[in-house]
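Welcome! Please take a moment to look over the sequence and the 3D structure below, and then read on for a short tour.

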Amino acid sequence: MMVDSTLAQIEKNLSEAMSILGDEQREPQMKREKAGFSWTSIPGPLQRDGQDVATIVHQVHNLIHEKMEGEEPLCQQVQSVGEQGHMALLGHSLAAYISMLDRERLRRLSTRILSDTTLWLCRLFRYENASVCFHEDDRDGLVKVCRLLLNARYEEFACEGYTVLSSKQPVIYQSASCRPGLGQHTCSQLGLPLSSLCTVPCNTVFGSQHQMDVALLDKLIQEDSDAGKLPLLLIANAGTPGAGHTDKLSRLKELCDQHGMWLHVEGVNLATLVLADVSSAVMAATRSDSMTLTPGRWLGLPAVPSVTLYRHEDPALSLAAGLTSSQPVEKLRALPLWLSLQYLGQNGIVEKISHATALSKHLLMKLKPLASIKTSNVLETEMTLLEALTMVEDDLSSPVVLFRFSQDMSGALGGRSGEALCAGEKEVLDTFNRWLGEQLSQMVSSCGVDVVELEDEGPCVRFSPLLTAAVLGTQQEDVDELVDRLTVLVPVMSSTVCLRQDFREETHRRAPLLMYVEELAWPGLGAVRFEPQAEGMDESRRKQELQKINYALLKKLQELNTDIIFSAGPETGAEQDCVYVGLVTEDVDISELVDTIAAFGREIEENGRLLENMTEVVRKGILEAEQQLQKASEDKLLEEGLLRQLPVVGSVLNWLSPLQSSIKGRTFNLAAGSVDSTDATYLTKAQTDKISVQDTPTSSSKRSAGQRLFRRSNTSDTSSSNSTEAAEDWNLSPQSSSSHPDTSTTTSDTSQHTLSDVIAEETEREDTEREDTEQEDAEQEDAEQEDAEQEDAEQEDAEQEDAEQEDAEQDGVSQADQGQS
């Protein structure tokens, strides 16, 4: 009864913990604690008092979801764990609990769990009469198998160790298509030199380019045997890591039997052994001496160990090699898988594997009927717009689908033949394929597509549902969305590749004003740099001027109302001080685009020079004003005399004999950079500009809503509309790689205007506004002139009255003087 209550408590605690960890809602207190450096960010001392389970699990939740600087929120990255995942996690908890039982009970229970799991795996994967080794690292199974062979082939290895290998060096053979670092890891763990590792090339003439060359392997084995070496083991693939190829396992097994070698097989295609219909190429893996399986990734089970099935009759050597263990606790590694297999059942396991293979077939079926998209294998030499490369020995036997964007570059290069293609054109296509894979992985993340680098084909987009579908929950609707995205992206990529050469030629025609920058790693139209034309400028000043002009040019182009995205290029490894032009549609007028870039660059350069000239004019005007002020001060001193400068005497003199100063006022015109008289100011009581500064013409970016630049007016068909939508939704910018575009279709305007038409319209509108302004200024000047004349008349009348009053006062003074006399 105690055992039952303990197991129930374990299950309850696990359920509560998973509920807390899976909850994406944060409490307000948790949000406040995460602001800045939270208490979870800095290590601290152990609490004096113990904490309850809920508090500790909440702390783990905060540590998991803590967002680092520049990192996306983890709630969108962590995959949901289903009930079968809960069973796997429960297995780890139960293994810790079972390890506390008494030794005899522990031995019986662990033996039963190991026996059941071994039997189920052997029957599921059709590998009868085998033993099983469970290991966390999926490479450790191969290492332990090699250690088994060393103990079996060298009788004194257990006593003498590596010294017995000097007489006959062991050799391990692997395919060139094996996963990177597998052979090196094996030699490192065994203490063998790298000379013991022999990499066998793949077929180059006949068959798949990713399958091991059996004839060459036979030759290499014979040469090593003649040299006194011991061929020990061959690593073959049932699904290469990159392309999903399966080696000719039947012939390889015959060759290994002939030379007394051990055949070890691994690969994703081994998962298809659980299906009723298995290809002959994969079925041959059941004849191998050992094979490594990764059921956790295939079935979506977290923290489930990898499995190595092997056939060997001596249990003592298996124990010495570490394939088996005498410790009952070690056998409990199988417990998470033991629980998960029971939860899924045979039908559930087969359903998951068959669902993944069905997704691959569905993708191939959706690609075939599409225009400009063709499915082919590597034996076909015809290059199409988009190739889907199945690249397997038997048609549709591999659940791995590869496709690659491929464009005939002869049209983009002015009709040159394939032999005349420059070496950079393949790199351009590789760049577009890397960009395509990145965009698809972000747009349809539930499909789990990624980019793989193949030696001959280059970068390819890979869809391997056996490795991702169970974890991501991929469905056929996700595959349909992937194809929809693909059909929109490919035409835009094709038009961009075709127009790259036109963009290069148009830029060269405008040299030395513009310079084309060869940037093969940019998946767009290209890069261009505006070169300043100022002469007599040192290198440092020229570099600063170039950087300033191109930065302003980029900002001005980004303000245009157009589908084309202009950016500063990739964050790393890009040319500096350039304008990078993104993807374009087929209806883009390249000549108008380059003309606009050159015109904007020239305008920015001229405005910069005008500003510099104006600065110089203002500086000279200020110096002239200072000189005139100083001269006016000296003239005033000479005119007024020395006595008038004294504080008291000057006031008395000014009162007795007011002095009419002849010094005129001055005003400094900033627009003209000149010093003018203030007579006009006091005459009209308003400042008038000597030189009217006209506004610069507005840029072509001021357009009505919906208009687009650089579009040819004779292209208004449906394909143009679709390509326009693609260019607007999925173009190149520093932030676009992490954004999900809107798939809604935008309606383009039926009337398309060129840049010259818009500038003419803007100029005509500005002339009309200028005439209205001049007319208003003339009317205002007339009114001001009338006011000035009226004020002059009033001033004359006032002066006349003052004169008469003064005469009358003088007459009165004279009469008074006479009376006193």
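## Before we start

Two residues are said to touch, or to be in contact, when they have heavy atoms within 4.5 Å. This is a predicted model, so to speak of local features a pLDDT of at least 70 is needed, side-chain atom pairs count only at pLDDT 80 or more, and totals for chains, interfaces and linings use all residues. Residues are numbered from 1 along each chain as its sequence is written, and side-chain values use heavy atoms, with hydrogens and water left out.

## The chain as a whole

The chain holds 25 helices and 18 strands. These are DSSP runs numbered from the N terminus: helices are H or I with at least four residues, strands are E with at least two. Of the 821 residues, 43% are buried. Here buried means under 20% relative accessible area, exposed means over 50%, and partly exposed lies in between (1.4 Å probe, protein chains only).

Among contacts with a separation of 6 or more, 70% are between residues 24 or more positions apart.

## A helix with a buried face

Helix H10 covers residues 249-259, and its buried residues are Leu-249, Leu-252, Lys-253, Leu-255, Cys-256 and His-259. Looking down the axis of H10, these buried residues fall within an arc of 165°, so they line one face of the helix. The arc is that of the directions from the helix axis to the C-beta atoms. An α-helix has 3.6 residues a turn, so residues three or four places apart point the same way.

What do the buried residues of H10 pack against? Their partners are helix H9 (214-226), strand S4 (230-237), strand S5 (262-266) and helix H11 (280-283). On the face turned away from the buried side of H10 sit the exposed residues Glu-254 and Gln-258. After H10 comes Gly-260, with a positive phi near 65°.

## Rings that meet

The chain has 5 aromatic pairs. Rings of Phe, Tyr and Trp (its six-membered ring) pair if their centres lie within 6.5 Å; planes under 30 degrees apart count as stacked, over 60 as edge-to-face and the rest as tilted. Trp-120 is partly exposed at 28% relative accessibility, while Trp-338 is buried at 18%.

Another pair, Phe-125 with Trp-298, is tilted: the centres are 6.0 Å apart, with 50° between the planes. This pair also links distant parts of the chain, with Phe-125 in the loop between H5 and strand S1 (131-135) and Trp-298 in helix H12 (residues 295-299), 173 residues apart. Phe-125 is buried, with a relative accessible area of 5%, and Trp-298 is buried at 3%.

## Charges over rings

A charge sits over a ring if NZ of Lys or CZ of Arg is within 6 Å of the ring centre and within 35 degrees of the ring normal. Arg-311 lies over the face of Tyr-127, 3.8 Å from the ring centre. The charged end of Lys-556 sits over the ring of Phe-600, at 4.8 Å from its centre.

## A buried asparagine

Asn-433 lies in helix H17 (residues 424-443) and is buried, at 0% relative accessibility. Leaving out residues up to four places away in sequence, Asn-433 touches Arg-404, Phe-405, Val-451, Pro-459 and Val-461.

## Backbone details

Which residues does a cis peptide bond join? Ala-511 and Pro-512 are joined this way, with omega about 0°. Pro-512 is in the loop between helix H19 (476-509) and strand S13 (514-517).

In the loop between H5 and S1 lies Arg-126, whose phi is positive, near 55°, although this residue is not a glycine. Arg-126 is partly exposed, with a relative accessible area of 30%. Asn-129 lies in the loop between H5 and S1 and has a positive phi of about 55° without being a glycine. Asn-129 is exposed, with a relative accessible area of 72%.
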